Every structure is written in C-alpha cells, then in structure tokens.
Amino acid sequence: MQDLLYFSQQLINGLTIGSTYALIAIGYTMVYGIIGMINFAHGEIYMIGAYTALIAITGLATLGVAWLPVILIVALVCAMIVSSAMGWAVERVAYRPVRGRHRLIPLISAIGMSIFLQNYVHLAQGSRNIGFPSLIEGSFRFGSSEGFQMSLSYIQITIFVTTLICMTGLALFISRSRTGRACRAVSQDLGMANLLGIDTNRIISATFVIGAALAAVAGLLLGMYYGSVDPLFGFIAGLKAFTAAVLGGIGSIPGAMLGGLILGVGESMTSGYLSGEYKDVISFSLLILILLFKPTGLLGKPEVEKI
Amino acid sequence: MAAKNFGHAFFCAFITLIISYPIIGFNLEAQGIDVTLTGADTTTIVLVLLAALVVFLFQLFRDQIMGALKRVPMPSSDANKEPMAENKRAKIESWILTGIVVFALFWPFFVSRGSVDLATLVLIYIMLALGLNVVVGLAGLLDLGYVAFYAVGAYTFALLSQYLGISFWLALPIGALLAALFGLVLGFPVLRLRGDYLAIVTLGFGEIIRILLNNWTTLTGGPNGIGGIPDPTLFGMEFGRRIKEEGNTSFHETFGIAYSGEHKVIFLYLISLVLAVFTALVIRRFMRMPVGRAWEALREDEIASRSLGLSRTAVKLSAFTIGAFFAGFAGTVFASKQGFISPESFVFLESAIILAIVVLGGMGSQIGVVLAAIAVTILPELAREFSEYRMLIFGAAMVLMMVWRPQGLMPMRRIHIELEKQE
Amino acid sequence: MLEVENLSMRFGGLLAVDQVSLDVQEHEIVSIIGPNGAGKTTVFNCMSGFYKPTGGKIRFEGKEVQGKPDFKISRMGMVRTFQHVRLFGQMTVVENLLVAQHRHLNTNLISGLLKTPDYREREQKSLDRAAYWLDRVGLLSMANREAGNLAYGQQRRLEIARCMVTEPKLLMLDEPAAGLNPAETKELNQLIVSLKEDYNVSVVLIEHDMSLVMDISDRINVINQGRPLASGTPDEIRQNDDVIKAYLGEA
C-alpha cells in the first residue's frame with residue numbers, strides 16, 4: 001500500500017513538471033515546424049516570463065493588492081506581454097536576417113541570443129536566486145499508511161488546469177482561426193504559402209509570439225512551484241523542454257504535449273527511486289537515445305532527404 | 001509610405017520599452033525570505049528611454065540609413081579575386097609568424113608575473129579554439145560540449161598524478177589520447193545526426209560529463225575538485241622552492257641562481273607556447289591534406305561528398321577526434337597551471353566562450369581564431385569595469401557577426417595551388 | 001555492365017518507381033527520358049545508393065549493389081552529377097577536384113604530416129590529373145577561383161570534371177544540359193561523346209533536351225508515372241505511339 005502511494009505521488013509530481021515542460025516545448029516545436037530551426041533562446045524567454053511575473057507580484061504586494069485572483073491574472077498578463085514582445089524581437093533581430101543561410105548560421109545566432117538574454121537578466125537583476133512566493137498554498141492529503149502521506153497540492157491542480165486551458169486554446173486557435181490555418185499552411189510549404197499570398201513573415205512572427213506567451217505561462221507556474229528564480233533558470237528547463245519536443249516528434253504539437261508528460265514522469269520516477277542528482281543525466285541520455293534510434297520521435301513525420 | 005514607416009517605428013520603439021523597462025527598470029531585492037521591489041535610478045530609466053528613441057529613429061529612417069551604409073565601400077569585395085600566389089604569401093606569412101613566435105619567446109622575461117600568467121591562459125584558449133575550429137569551422141559540426149574533452153584532459157592528469165604519481169610529460173600525451181578516445185567513442189553514434197540535433201546532443205554530453213564529475217565524489221572529489229596537481233618539470237628539475245619528488249633536483253639550485261616564483265610561471269608559459277605552436281602547425285598541415293579538404297567538402301555539401309566516395313562517418317569522426325585530442329592537450333596544461341581543478345571550470349559557458357572565439361575570428365581561419373582568442377581573453381582584463389558585461393557582449397557579438405559578417409573578422413583564405421598544364 | 005531489374009521505390013503510399021528495368025553495356029550511352037515527375041531522378045538516387053530501393057535488383061559488373069552505402073557504390077566506379085549542381089562552393093575549383101580523388105590519395109594521417117615521398121608522389125599525381133581535366137573542360141585558368149563564383153555553365157562542366165577525376169567506369173548525368181544555352185549544349189554534346197569514345201566511360205543520362213538525347217544516345221528508356229513505357233534505339237522511340245501520346249499529353 002505504501003509502495004502504491006509512493007508511486008502515485010511520484011506520478012503526480014512527474015505529471016506536474018511534465019505539463020509545464022509541454023508548455024515550453026510547444027514553442028520549440030512550432031518554430032521548428034515552420035522554419036526548421038531550433039530556437040535556442042526559448043529557455044531564456046521562459047526565464048524572462050518568470051522574472052516578469054515575480055516583478056509584477058512583488059509590485060502588487062508593494063501597492064497593497066492582496067486579492068489572489070487579481071495578483072495571478074496581472075502577473076500572468078504581464079509575463080505574457082513581456083515574453084511575447086521578447087519572442088517577437090528576438091526573431092526580428094537575430095533570426096529573420098539570417099533565415100535561409102547555411103544551417104549553422106541561424107543556430108549560432110540563436111546561441112548568441114541565448115547567452116545575451118541570460119546575461120541581460122543577470123546584469124539587471126543579479127545572479128542570486130530570488131524567492132518566488134508560492135501564492136497558492138495548501139493541499140489535499142490522502143491515504144496515510146505507515147507514515148507516508150500522499151498529497152496533491154493546490155498549486156499542482158492549478159498547473160494541470162492552466163496547462164489544459166492553454167492546450168485547448170492552442171488547439172482551437174490552430175484548427176479554427178485564420179492565422180492558425182495560415183500557420184499550418186506555412187509549416188507544410190513555406191514557399192508555396194508565400195506564393196498563395198500568405199504573409200509568411202507575419203505568420204513566423206506569430207509563431208514566436210505564441211510560443212513565448214505559453215513559455216511565460218510556464219514561467220509563472222514553475223516559479224510558484226519551485227519557489228525561486230535565477231538567470232540560469234531557463235537553460236536546463238529549455239533543454240528539458242527541447243528533449244520533450246524531440247521525444248514527441250519535433251514539429252508535432254500533440255507530440256510536444258505527450259513528450260513533456262513522459263519526460264516529467266520519467267524524471268520524477270528517477271529522482272523518486274534512484275537519485276535526484278542523476279535525473280538530468282537520465283533526461284539527456286533519453287534525448288540522445290531517441291535522436292539515435294528514432295529521430296522522428298513518437299508522433300513526428302519522417303523527413304525524406306531531398307536531393 | 002512615411003505613415004507606415006512611422007507606425008512601424010512607433011511599434012518597434014514600444015516593443016523595446018516592453019522588453020527593457022520591466023526587467024531593467026525594477027530591481028528585485030531579496031532580504032531574507034522577503035523580496036522587495038525598488039525602481040532603478042534615474043540614469044537607468046533615461047537610458048532605457050533613450051534606447052527606445054534610438055530604435056524609433058532607426059526604424060523611421062531605416063531606408064536612408066541602410067542606403068548610406070551600402071555606399072560605404074566594403075573591404076571584403078574580393079569575391080572574384082584569386083588568392084595571392086602561394087610561394088609569395090607563404091614567405092610573408094612565415095616571416096611574420098616566426099617574428100611573432102620569437103617575440104613571444106622573449107617577452108615574458110620583461111613583464112610582470114601576472115601578465116605571463118594571463119598569457120598562459122590565452123595560449124590555452126588558443127589551443128582550445130584551434131581544436132574547435134577543426135570541428136566547427138572546417139568540418140561544420142557544431143559541437144556545444146567541447147569543454148567535456150577539455151575536462152577529460154584535465155581530470156586525466158589530476159587523477160593520474162594523484163593515484164599513480166605520473167608526471168606532466170607522461171600525462172600530456174595520455175590526456176590528449178584519452179580525450180581523443182572519448183571523442184571517438186562519443187562521436188561514433190552521434191555524428192550521423194543532422195547539424196542542429198548534433199549541437200543539442202553534444203551539449204547533453206557535456207552536461208552529463210560535468211554532472212558525473214560533480215557526483216562521483218569517491219573518484220573526482222565532486223564539487224571540491226582535486227588539488228595538489230604537480231607542476232611540470234624540466235629534465236627532472238622542479239621549480240618549487242623545495243623538492244617534492246624523490247630523485248628530482250631543483251631548478252634554482254642546479255643553476256645556482258636565487259629561487260624565484262617567476263621561473264615556474266615563465267616555464268609554464270613557454271610550454272604552453274610550444275604546445276600552441278605545435279597545435280597550430282599540425283592543424284595547418286591537416287588543412288592542406290586530403291583529410292582537411294574532406295572536412296570542408298562535407299561542410300559544403302554532404303550529399304555531393306558522399307556521391308564522390310567520401311565516407312561521412314569516417315570524415316566527421318576524424319574531425320571530432322582530432323578536435324578532442326587538442327582539447328585534451330589544453331586540459332592537461334590547464335590542470336598543471338591551476339594546480340587545482342573542479343567541475344566549475346568545465347561548464348557550458350566555457351564551451352560557449354570557445355565557440356564565440358571561433359565565430360568571431362572567422363570559421364576555418366587560424367590567424368583569425370588566434371587573434372580572437374587573444375582579444376576575448378585580454379580585453380575583459382584590460383577593462384575590468386566592463387568585465388561583467390563580457391558574456392553579454394559575446395552573445396550580442398555572436399548574433400551581430402552571424403547577421404553581418406558570418407565569415408568572421410578574419411575570414412579564411414583559400415590556398416593557392418599552382419597547376420601545370422598536362423598533355 | 002549495369003543491370004537494373006524490376007526496380008521499385010515506395011515512399012509511404014506513393015509508388016514513385018514501379019518495376020523499372022534497364023541495362024547499360026560497356027561503351028554505351030543510355031538515356032532515361034520521361035515527363036517531369038516520372039521518377040527518373042528517383043531511379044538515379046536508388047542506383048547511386050541515396051535511397052534503399054523497396055524492390056528489385058541493381059547489379060554493377062555482376063555484383064549486387066542495391067542498398068549498399070552511397071560512398072561504397074561510388075568507389076566501385078559509378079559516379080553521378082546532380083540536377084541542381086552540387087559543388088563545394090567555398091572551395092576553389094582545383095580543390096573540388098582534389099576532394100574527389102580522396103580514394104586515390106594516401107590518406108594516412110601520419111605520412112601526410114611527415115610528407116613522406118610516397119605521399120608527395122600521389123599528391124602530385126592527383127594535381128596533374130586535376131590539371132588535365134580542368135584543361136579538358138576549359139577551366140584551367142579558373143583553377144584558383146572559388147567554385148561558387150563560376151558561371152552556371154562552368155559549374156556544370158566542373159561537376160562533370162569532378163566525376164571524371166575519380167576515373168569512373170559508369171557516369172550518371174542528371175539533366176546536364178538544364179540551364180545551358182545552345183552553344184554550351186553543343187559543347188556538352190561533344191564532351192559526353194568524347195567521354196565515351198576517348199575515355200571508355202559508359203554514360204546514363206537523364207535529359208529533357210530531346211535533340212541532345214536523340215543525337216548521342218545509343219539506347220533510350222522512357223518512363224512515365226514511375227512505370228517503364230518504352231525502350232529502344234532513338235529511331236524506335238521517335239516512332240513509338242505510346243511515347244508520342246505521353247509527350248503530347250494525351251495519356
């Protein structure tokens with residue numbers, strides 16, 4: 001009984017982390033699907049989202065606003081606006097001018113952008129990690145056998161619900177809206193979409209903005225969940241989310257969701273049953289193994305080499 | 001048109017404000033558990049507003065500015081110029097290089113100990129960057145975990161000396177070969193991946209090695225690292241005040257001169273210099289050999305290379321292994337210079353710095369890479385007040401270089417080959 | 001020397017090549033023609049090892065090669081050019097030819113580092129071979145230009161020279177006349193014939209320029225929608241009703 005409780009607890013923790021990975025992974029996968037590049041700076045955009053949310057929350061506290069829904073909504077909106085603007089600007093400054101050049105060039109540009117943003121926040125806010133108020137306290141507790149109690153905290157529930165709303169919204173947007181349809185067309189064939197009169201530049205920008213906004217949501221959620229942020233906050237999370245995107249099949253949005261959940265659960269099981277120190281090793285090894293043996297991921301389409 | 005430009009310029013300025021004001025304009029301060037928010041000082045706010053104004057003006061007059069920039073003659077308009085005749089160029093080059101090396105040999109005797117120490121570090125970075133240049137610049141494989149091989153070299157020496165008492169000179173080839181072996185073993189499965197996947201996988205490898213070093217406490221000492229790594233000896237002569245190893249003599253007593261801490265620093269510098277020159281010469285030779293041409297061919301067009309009978313795996317693996325070899329070299333020297341190593345020295349940031357050196361110098365260009373290594377290491381030391389902006393500037397420079405001058409500051413020059421007409 | 005037997009290639013649900021057969025004898029120029037999208041280049045990609053065919057056999061000098069890695073096939077003496085020229089753009093013209101001779105060179109790293117006499121001798125031989133072929137295609141004076149800066153017609157010729165320095169037995173040309181002006185096409189015509197006559201190379205040619213095809217081919221294979229439509233001498237093909245229909249768009 002205790003084993004089962006322990007297992008369920010790890011499962012819940014894993015799904016929590018996994019659903020935020022999925023939110024970040026969407027940004028990687030959408031950008032990859034449309035322009036075929038890895039947006040290395042995406043992890044930093046997520047980190048900036050978390051910082052903005054923290055600034056908003058602290059600012060509201062200074063002003064004396066104490067009503068939780070207002071705090072959450074204002075923090076969320078601020079984070080999404082700043083991250084989206086950042087995503088837009090990054091694409092404009094660092095990626096658009098090098099689009100279509102030798103494949104190494106956009107990639108190096110993206111790495112440069114990632115280093116730049118990390119240090120931008122580092123210089124502005126210092127390198128120390130700063131406490132992030134958890135805001136949503138408390139949990140449901142159940143089943144206590146031999147001292148082990150399983151808990152499902154309210155913040156975990158918030159994370160699930162928010163992720164679910166975002167994913168549903170995204171799915172509706174992609175399938176119903178004009179821009180969403182244009183997105184799909186561009187990811188099928190950029191050149192053709194251009195010929196058909198779709199403003200591909202605008203669609204690419206939109207992709208970056210959507211990815212960044214979702215990353216900002218993840219930033220707020222994970223900030224509250226972990227309880228602190230620092231400028232390196234985005235680097236590892238970005239790498240994990242990228243792993244999730246590849247695991248699910250890069251370019252595929254349902255794949256990113258699935259990959260995120262699997263990775264989160266895998267990690268939480270590793271720390272629960274093996275050792276927390278090696279959980280990063282497990283996820284990187286997982287990434288390497290997938291790329292070697294099934295580079296198309298679980299739900300990705302195979303790419304035919306064109307000659 | 002003007003109205004549209006105005007709107008766009010206004011939008012861009014607005015975005016600039018959004019992405020800079022919240023992050024720069026407010027300071028989060030942690031006091032215990034409490035976090036407070038303070039506004040930044042007036043100068044910062046004015047700077048942010050100024051930045052937005054600059055963006056606004058730039059976007060408003062974008063066409064005029066770009067037009068003006070185009071009229072500025074570009075020095076790189078030698079697209080159709082043939083390279084200078086090889087014999088002439090080789091002569092000039094070898095004179096200049098010999099001059100620089102001779103200068104570098106005597107220079108340390110006239111400057112301060114700190115400068116020599118810094119110069120040794122520069123030479124280590126030169127070795128690293130020349131090695132990475134093979135992988136990224138010539139073969140076109142983006143390796144973001146290069147620092148892992150550097151760590152293998154450093155830890156090999158540290159562990160060998162700690163457990164087996166092996167000296168620097170023996171550890172140098174062992175460390176380099178072991179790093180090369182790591183390159184070979186790790187490279188074999190990953191090199192068939194596409195470019196961007198390769199970058200991520202090598203990044204993952206680098207992190208795995210660092211995490212292992214951090215957690216395998218019984219062997220590596222974990223985050224505490226390994227200390228007491230011996231200095232190199234000169235034909236059995238030690239540079240310390242007292243002899244540590246039985247059977248060795250001490251340098252200052254043998255030559256009957258007073259002990260000075262500087263001897264050791266200069267000796268290490270000279271070793272690094274010799275090794276860096278060796279690295280440069282060997283790689284230069286490789287570049288003119290079939291293997292070097294195969295690296296470049298694979299970077300230029302993988303499919304065409306394969307259609308001409310080049311084995312993709314063999315060619316990539318050779319570049320990866322040779323790059324790793326020189327990283328191992330540099331690692332051994334680094335361990336000896338520091339006397340102490342810990343996983344802190346082998347983080348992703350190091351890989352990024354080495355990559356920045358290669359990119360700034362000019363991918364494939366040896367002279368460019370050497371100059372960039374010198375600049376990147378020394379400039380932050382000269383302008384200490386700016387040293388915290390170092391990585392910010394690197395990041396921005398990498399983006400700007402890719403946008404404006406992807407071939408680097410000193411692009412690679414092609415080799416001129418004399419041909420005789422055949423009948 | 002080359003036999004292709006019932007070659008099929010399927011991509012997911014699409015059967016791009018269906019039961020195509022052809023054979024090439026020594027000292028022969030064989031053309032593959034057909035409308036756009038007929039699967040000609042896919043046949044080439046299977047023959048040169050870029051694709052692993054889903055069915056059928058390819059024999060080169062009696063040895064089965066289907067599914068072998070591309071670089072091994074090329075080392076056996078089957079070398080190709082590409083529909084869209086694929087040069088090593090940032091390398092010089094002569095370097096392009098040196099890369100191609102990789103397997104003739106002493107690739108031992110140590111002997112290269114030490115510049116042993118054997119190494120020097122082989123290096124010189126490959127330089128001479130490069131010079132010979134550059135002269136042959138009229139590019140000797142351009143030897144040290146970057147290949148990417150050549151004019152289009154020159155790039156096409158360089159690509160053929162790059163194949164020839166590997167001393168192939170069978171040369172596969174994928175639309176070598178595409179984008180050339182009539183004068184250049186005429187030169188190409190002479191060059192291909194001379195490859196066969198003077199250097200004893202067999203040629204498989206994919207081409208849309210019918211006058212070129214009819215002029216130099218010994219035999220022609222017609223493919224339509226992935227399936228073989230006809231094969232025979234140029235005269236037979238010219239009078240074949242199916243071919244005429246396919247080309248006039250009635251099919």
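## Model and numbering

This is a predicted model, in which local features need pLDDT of at least 70, side-chain atom pairs count only at pLDDT 80 or more, and totals for chains, interfaces and linings use all residues. Residues are numbered from 1 along each chain as its sequence is written, while chains are lettered from A and ligands numbered from 1 in the order in which they are written.

## Chain B

Chain B has 17 helices and 4 strands. Both are DSSP runs numbered from the N terminus: helices are H or I with at least four residues, strands are E with at least two. The C-alpha atoms fill a box of roughly 85 × 85 × 45 Å along the principal axes.

Chain B splits into domain 1 (6-65) and domain 2 (86-404). These bounds come from an automatic or database domain assignment. The two domain centres, taken over C-alpha atoms, are 40 Å apart.

Of the 423 residues in chain B, 44% are buried. Buried means that 20 or more other C-beta atoms, placed from the backbone, lie within 10 Å of the residue's own. Residues are in contact if their C-beta atoms, placed from the backbone, lie within 7 Å. Among chain B contacts between residues at least 6 apart in sequence, 75% join residues at least 24 apart.

## Chain C

Chain C has 10 helices and 10 strands. Its C-alpha trace spans about 65 × 40 × 30 Å along the principal axes.

In chain C, 48% of the 251 residues count as buried. Of its contacts with a separation of 6 or more, 64% link residues 24 or more positions apart.

## Contact between chains B and A

Chain B gives 43 residues to this contact and chain A gives 52 residues. On the chain B side, elements with two or more residues include α1 (2-25), β1 (26-31) and α17 (390-404). The largest share, 11 residues, comes from α8(B).

By class, the chain B side has 33 nonpolar, 7 polar and 3 charged residues. Ala, Val, Leu, Ile, Met, Phe, Trp, Tyr, Cys and Pro count as nonpolar; Asp, Glu, Lys and Arg as charged; the others, Gly among them, as polar.

## Contact between chains C and B

Here chain C gives 40 residues and chain B gives 30 residues. α5(C) gives the most to the chain C side, with 6 residues. The chain C side divides into 18 nonpolar, 11 polar and 11 charged residues.

Notes: Contact = placed C-beta atoms within 7 Å. Buried ≥ 20, exposed ≤ 12 C-beta atoms within 10 Å, placed from the backbone.
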